[in-house]
Amino acid sequence: MDYSKTVNLPQTAFPMRAQLPKREPEFLRFWEEIDLYRRVQEKNAGRPKFILHDGPPYANGDIHLGTTLNKVLKDFIVKFYSMAGYDAPFVPGWDTHGLPIEQQAIKYFGLDRRLMDPVDFRRYCREYALKYVEIQREQFKRLGVRGDWEHPYLTLDPAFEAEQIGVFGIMAKKGYIYRGLKPVYWCTECQTALAEAEVEYGSERSPSVFVKFPVREGRGVLPAEEASVVIWTTTPWTLPANLAIALHPDYAYVLVATNGEKLLMAEALWEGVMHTVGRPGKVVARFIGHELEGVRCRHPFFARDSLVILGEIVTLDQGTGCVHIAPGHGLEDYELGQRYGLEVLSPVDDGGRFTAEAGEWQGLFYAEANGAIIARLKEKGLLLHDDTIEHQYPHCWRCKQPVLFRATEQWFASVDGFRRQALAAVAGVTWLPEWGQERMSQMIAERGDWCISRQRTWGVPIPIFYCQACGKPIMEEETVNHVRELIRAHGSDIWFRETAAALLPPGYRCPACGAASFRKENDIMDVWFDSGCSHVAVLEPRPELAWPADVYLEGSDQYRGWFNSSLCTAVATRGVAPYRTVLSHGYVVDEEGRKMSKSLGNGIEPGEVIEELGADVLRLWVASADYRRDVAASPKIFQQMADAYRKIRNTFRFLLGNLADFDPVRHRVAVTEMEEIDRFILLRLQHLVQRVTAAYRRYEFHQVYRAIYQFCVLDLSAFYLDVLKDRLYCEAAHSRERRSAQTALYELAHVLVRLLVPILAFTTEEIWQHLPHLPGEPASVQLTSWPAVREEYLDTALETRWEKIMAVREEVNKAMEEARQQKLVQHSSQAAVDLYAEDGLFSFLESVRELLPAAFIVSQVEVHRGRPPETSGRGASEPAGPWVVIRPAPGRRCARCWLYTPEVGTDARYPEVCPRCARVLARISA
């Protein structure tokens, strides 16, 4: 007889091979056909809102692994809250203005910006931005990210621009907006001012020079013409702009005699300096810094003095303790210079070339001037020492070129005006990781005024006019609101297309002098001001959203970027933060922790991973990593994730394969009638639901992944499903025992698939299509509700009982492995197990003896009091545990279930099978 035809083997159309690159696009089409986003929103209408506000990526290129990480993390959160009983819309957005898009549009279209009308140039920029909005939209959708892709927000939309103008107007009305001449980061390549968020630090080699400033007027403290104050600088090109030398008021300074001259420097540093310059020296006088205030030195090149001033910016970390001050080339220099009434001198033009104020170096590029200036210092006998130094130096985050501090006329937002409120707002936000609060507080506490003007064309104009008669800048509530409504109706192009007269209210006159002739401001707003206004421009006007957002989630660089600019605009206009919780993630790095870059050749394109392994493997990679740190990516890591994915998929394939003939309406077994082990695994499932739900709420997706993966691999594949095979395959198809197992499998599949919806977007949809359904269940698994803990499966006594059994099982498995190595048995079904135990454990094992063969996947189990009579047994790992003896099971192997028993053949009708299989066969025959 062919007994294989009498067993209940798994049957399912759910394929073993996922073929995700081929199948995932089919599910994308399915979601579009059923309009999934709209249906999810309709299902959740009227429920409490949960708003994750999407930080806008730049629309200037394909997505990369960093943007993949970001958008998939957001998708995890939105999908979880959508299933967990919240109205959780997701409106994606794009940052579509600014220099990155200008640069790319110039390259892409082959433009010469200088020869173009601004409106024409802006048209090309718009076209380029919208091109990449469309490209990135499809790439994000391919990742399985669900959102309102048909109605995203774009910073170039007139409605968005109008709200941004409104934020500017409120800040101007409160007095936070002003124009000033002060040093800002300046990129000579891009020829524009930069905000702190647009500067990144990288290694740079610079000159390191010690320069003597001869004392001209010592005020009775220093000997004039005999002494020099020694400064140290890594930017010799700033020396033409020098106006002062700063000493710390409380530090000790010494006059050092050396080679016929006297040099002033800090007492704590003089020996190190003299060692560096290779000179002997002797201290001949000592002073405290404040005693030297007002001393005048001769400038190295020009017929002007360099004044000795006092400032606590001076440190003893390096140098001489005497700091060269150029108020036009450093913010601290500028602020200290303001206290002493120093001029703001910056003899460098927009392109980084020296102006006439730099004398003999006029026309020379500032970085190239270092050598010429050092040569002149040497010629004049004022160069004490020169060398080179490698240090961290600010670079433009767009063109990657070094930047400089340069004093220019710019528009600023006064952070001082709302700093205290901003710090209070930071304290009221939940920051994950927790160090985010300290980081943001420090940034706000130390932040200088925000330079919001940019010398570019593609962006939102600064809505300010200047009176042609008296020069007064006009930013009145009336004029700003008028421009705001014009932009709402026509877009910001109108500012560049129309005259000032056409942009002002009819009949408007200067409030200072009454004149009626005006010119427009040419600068645009910093793009961080654009995106920093998104909480106003997006969250409030759209009825499905709400202000403030529940969550902002971006990379850790956004503490100085979007998190910061959003906080500033919100606090400045409303007094509170625009978010309740802020999450930040790290960078994507390679296995060695190096940042991915083209130059290193370690970059990985998400599209290539999707084409090879599928988007769900990428999503599983995101879930597996603790995103709060830097996240490693490599082909090897993605292959590991593909292996983990296969294990999870195979677990579901087993569940589905054994549910082929199960109808959850007709065949479900009541909890009270289920087998103990089935109730135990469902109890473990409830604990999994608790852990996973809590981890989702804490945004700890790596804990979600780990808990579900371990449950699939350990609780199910390595235990329960392995134990279950005999009952599923060999019991009668309609028996209570098998239906009990199928009830557990159905519950496991139904819960696990929903726990994984946020992570495995495509695979859970595929599983849902193969899962038996109750009447009225939705077409997509994303329309289901989050699984709740089912109290009827929680049974403390059962849990305690089976935890003891599992502990004994572990001891049996160890002994079984030794028996295999000794070739005593090949498979556990060939074995009989003798358990020896004392007192309470013996009584417990005796009470559950009938459960043990199935739990251990052996043919027979005997329980004995005391220790084994021979030393052949395996002692327990724990003192209270049992002794385990493995021996070949007596009897013959059943030809149907392959278990060994002396009772094989006792039923004459079926001489090759055990009594259980004989009963089943008789039932089948009947």
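On a 1 Å grid over the protein atoms alone, a cavity is a set of points where a 1.4 Å probe fits but cannot get out, and lining residues have an atom within 4 Å of a point. Grid points are joined across faces, edges and corners, and a volume is the space filled by probe spheres set on the points. This is a predicted model, in which local features need pLDDT of at least 70 and side-chain atom pairs count only at pLDDT 80 or more, while totals for chains, interfaces and linings use all residues. Residues are numbered from 1 along each chain as its sequence is written, and side-chain values use heavy atoms, with hydrogens and water left out.

The structure holds one cavity of 30 Å³ or more. The largest cavity has a volume of about 60 Å³. Its lining includes Gly-98, Leu-99, Thr-192, Glu-198, Arg-398 and Met-525. By type, the lining residues are four nonpolar, two polar and four charged; here Ala, Val, Leu, Ile, Met, Phe, Trp, Tyr, Cys and Pro count as nonpolar, Asp, Glu, Lys and Arg as charged, and the others, Gly among them, as polar.

Next come the helices and strands, which are DSSP runs numbered from the N terminus (helices: H or I, at least four residues; strands: E, at least two). Helix H5 covers residues 118-142, and its 25 residues should span 36 Å at 1.5 Å a residue, which agrees with end C-alpha atoms 36 Å apart. The expected span is 1.5 Å times one less than the number of residues. After H5 comes Gly-144, with a positive phi near 90°.

Strand S7 (residues 227-233) is largely enclosed by the rest of the structure, because six of its seven residues are buried. Buried means under 20% relative accessible area, exposed over 50%, and partly exposed in between (1.4 Å probe, protein chains only). Two strands pair if DSSP finds at least two bridges between them. S7 is joined to strand S6 (residues 199-217) by six bridges, and the two run antiparallel; Phe-210 stands opposite Trp-232 in S7. With strand S10 (residues 261-266), S7 has three bridges and runs parallel, and Val-229 has Leu-264 in S10 as its bridge partner. Thr-233, also in S7, counts as buried at 7% relative accessibility. A polar atom of the Thr-233 side chain lies 3.0 Å from the backbone nitrogen of Thr-235.

The loops hold some backbone exceptions. Most residues other than glycine have a negative phi, and most peptide bonds are trans. Gln-191, not a glycine, has a positive phi of about 55°; this residue lies in the loop between strands S4 (177-187) and S5 (192-194) and is partly exposed, at 38% relative accessible area. Arg-219 has a positive phi near 55°, is placed in the loop between S6 and S7, and is partly exposed at 48%.

A cis peptide bond, with omega about 0°, joins Leu-432 and Pro-433. Pro-433 sits in the loop between strand S17 (430-432) and helix H11 (435-446). The bond from Trp-547 to Pro-548 is cis, with omega near 0°, and Pro-548 lies in the loop between helix H16 (534-539) and strand S24 (549-555).

Definitions and conventions
1 Å grid on protein atoms, 1.4 Å probe; cavity = no way out; pocket = protein on both sides within 12 Å on 5 of 7 lines; lining within 4 Å. Polar contact = N/O pair within 3.5 Å; in protein donor to acceptor, adjacent residues only side chain to side chain.
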